[in-house]
Amino acid sequence: MPRFVDLSAPIVNTPPDVPPFQRVTITFSGHEAGAREFEQLFGIDRNLLRNGEGPAGETITFMGTHSTTHVDAPWHYNSVIAGEPAPTIDQLPLEWFFAPGVKLDFHRKADGDAITVEDIAAELSRIGHTLAPGEIVLVETGRDAFYGQPDYWLRGPGVTPEATRWLYERGIRVMGIDAWGWDRPLHLQAREALEKRQPGILWAAHQVDLPYAQIERLCNLAALPSRGFTVACFPLRIVGGSAAPARVVAILE
């Protein structure tokens, strides 16, 4: 039987000190409320329900498409990519999101470090793997240990635009990371962009003008081998969306 490893962050109510762009608010409705709802809807007595209970339910009252483990569509990066209208999340082929996975281990990289072409090539050489088109590449940084903490978004190394393009040129269309974002932390990129007064520094790997998808805020990559697993990462079908939450799972034979 295959073994399943959940690579998704849990969706829970976040603490009040979490920045608004990371916040999740869920309202829970219990069986008592469900019984009242059935009484109102159908005019029945709750004695006709097993144990007098109606359906429990939940309402997500606040959660952005990027608030938890999610897949970014090219539309998130720019409106036009490679001279064409950028695809939204519902327009991406499902075949992209069920494929053999490769894990690259960069957990020793410091916060703010760049993950370069040379780094990726060296890691692939270390694990003895040559990338094949359609594989899903997952970058382990170990920053999932800080998921849910206020400074989570300030942590982690980031993949350079050159390395992103290098992966894309080898047929990789889905790339993922267990940090807040694929780029180096944005406050560091923003500081550098302001100092140099130069475009193309802030959000550089996102805005590399490539129609690729990326998975951000992954968890549990340390539980995976470097290869020999399949990744399922189907995003919700949000029409026109720049991204969508996904239940990302690794399947090991």
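The model is predicted: local features need pLDDT of at least 70, side-chain atom pairs count only at pLDDT 80 or more, and totals for chains, interfaces and linings use all residues. Residues are numbered from 1 along each chain as its sequence is written, and side-chain values use heavy atoms, with hydrogens and water left out.

**Overall description**

The protein chain has four helices and 15 strands, where helices (H or I, at least four residues) and strands (E, at least two) are DSSP runs numbered from the N terminus. Along the principal axes, its C-alpha atoms fill a box of roughly 70 × 50 × 35 Å. Of the 253 residues in the protein chain, 46% are buried; buried means under 20% relative accessible area, exposed over 50%, and partly exposed in between (1.4 Å probe, protein chains only). Among contacts (heavy atoms within 4.5 Å) with a separation of 6 or more, 75% involve residues 24 or more positions apart.

The protein chain exposes about 12600 Å², and carbon and sulfur atoms supply 56% of this area. Accessible areas come from the Shrake-Rupley method with a 1.4 Å probe; for residues, only the protein chains shown count as cover. The chain carries 22 positive and 31 negative charges, whose mean positions are 3 Å apart. Lys and Arg count as positive and Asp and Glu as negative, while His and the chain ends are not counted. Each charge is placed at NZ of Lys, CZ of Arg, CG of Asp or CD of Glu.

**Salt bridges**

Side chains of opposite charge can pair when their charged atoms come close. The structure holds 12 salt bridges, each defined as a side-chain nitrogen of Lys or Arg within 4 Å of a carboxyl oxygen of Asp or Glu. The table includes three of them.

| Pair | N to O distance |
|---|---|
| Arg 247 and Asp 6 | 2.9 Å |
| Glu 39 and Arg 46 | 3.2 Å |
| Glu 192 and Lys 196 | 3.0 Å |

Arg 247 and Asp 6 form a salt bridge that links distant parts of the chain, 241 residues apart: Arg 247 lies in the loop between strand S14 (243-245) and strand S15 (249-252), and Asp 6 in strand S1 (residues 3-6). Arg 247 is exposed at 59% relative accessibility, whereas Asp 6 is partly exposed at 28%.

Glu 192 and Lys 196 are separated by about one helical turn because they are four residues apart in helix H4 (residues 186-196). Glu 192 is partly exposed at 23% relative accessibility, and Lys 196 is partly exposed at 49%. Elsewhere, salt bridges that share partners join Glu 32, Arg 36, Glu 39 and Arg 46 into one network.
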